[in-house]
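Please keep the sequence and the structure in view while reading.

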Amino acid sequence: MWFCRLIFTLLSVALFSGCGFQPLYGSRLGELVMADLSSIELAPLDGVIGVQLQNTLHDHLQLNDRKAKAYKLALNYDTANYPMITGQDSQIGRYTMILTVRYTLIEVSSGSMVMEGHTSAHASYNVISDNVYATFVAEEEASLRAAKQNGSQIANLLSLHFSRKNQKSQGAR
């Protein structure tokens, strides 16, 4: 049994080493990506969703306040709620919220836009017909989950952008 696992592991390593797969943060290139990510300044956002987005991005990008900022990340967001489940009495029992975040990365020195785009995340919540506060809390929790998902997506997109940029600059040397 252990011999089969050993063979499977060795074959997997051989297969993945030849496919061009490369870890994002696992080499000197990863150090450059982390340095670029930590040089991003986040524009302040309002609301609970904005705070959650900033916290998630701060955690994922490992922002350092002591380092000079080379980039500025501007975010704006909007939400839309759609009824999903209605009961036999035509009362809405569940909503799906879609949180869309638009982002723009600007180079501080030149003022030029480096990248822009948008992400979206879906989160659902139940309506408690006899408790308005519980419904409010459920909606807020759904918005926080969606904000975390969007923050993670933006952090991944920024990491990929800087990885590609650094690969091109290292390839040119």
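A polar atom of the side chain of Q54 lies 3.1 Å from the backbone oxygen of A43. This is a polar contact, that is, a pair of N or O atoms within 3.5 Å; within protein, one must be able to donate a hydrogen and the other to accept it, and residues adjacent in sequence count only if both atoms are side-chain atoms. The model is predicted: local features need pLDDT of at least 70 and side-chain atom pairs count only at pLDDT 80 or more, whereas totals for chains, interfaces and linings use all residues. Residues are numbered from 1 along each chain as its sequence is written, and side-chain values use heavy atoms, with hydrogens and water left out.

Q54 belongs to helix 3. Its relative accessibility is 19%, so Q54 counts as buried; buried means under 20% relative accessible area, exposed over 50%, and partly exposed in between, for a 1.4 Å probe and protein chains only. Leaving aside residues up to four places away in sequence, Q54 touches L42, A43, P44 and L45, where contact means heavy atoms within 4.5 Å.

The wider setting may now be described. The protein has 4 helices and 4 strands, which follow one another from the N terminus in the order α-α-β-α-β-β-β-α. Helices (H or I, at least four residues) and strands (E, at least two) are DSSP runs, numbered from the N terminus. Of the 173 residues, 31% count as buried. Among contacts between residues at least 6 apart in sequence, 64% join residues at least 24 apart.

What does the largest nonpolar core contain? This core has 29 residues, and those with the most contacts inside it are I40, L57, L73, L75, L105, I154 and L158. Two or more residues each come from helix 2 (28–38), strand 1 (40–42), helix 3 (47–61), strand 2 (71–86), strand 3 (92–107), strand 4 (113–126) and helix 4 (132–171). Helix 4 gives the most, with 8 residues. A nonpolar core is here a set of buried Ala, Val, Leu, Ile, Met, Phe, Trp, Tyr and Cys residues joined through side-chain atoms within 4.5 Å.

Strand 3 and strand 4 run antiparallel and are joined by 13 bridges; two strands pair if DSSP finds at least two bridges between them. They form a hairpin with 5 residues between them, and G111 in the turn has a positive phi of about 75°. Y95 has Y125 in strand 4 as its bridge partner.

The search of the whole structure finds 2 aromatic pairs. In one of them, the rings of Y95 and Y125 have their centres 5.7 Å apart and their planes at 15°, so the pair is stacked. Y95 in strand 3 and Y125 in strand 4 are 30 residues apart, and their pair links distant parts of the chain. Rings of Phe, Tyr and Trp (its six-membered ring) pair if their centres lie within 6.5 Å; planes under 30 degrees apart count as stacked, over 60 as edge-to-face and the rest as tilted. Y95 is partly exposed at 22% relative accessibility, whereas Y125 is buried at 5%.

Finally, the count of salt bridges comes to 1, a salt bridge being a side-chain nitrogen of Lys or Arg within 4 Å of a carboxyl oxygen of Asp or Glu. The side chains of D78 and R102 form it, at 3.2 Å from N to O. D78 lies in strand 2 and R102 in strand 3, 24 residues apart. D78 is partly exposed at 36%, and R102 is partly exposed at 37%.
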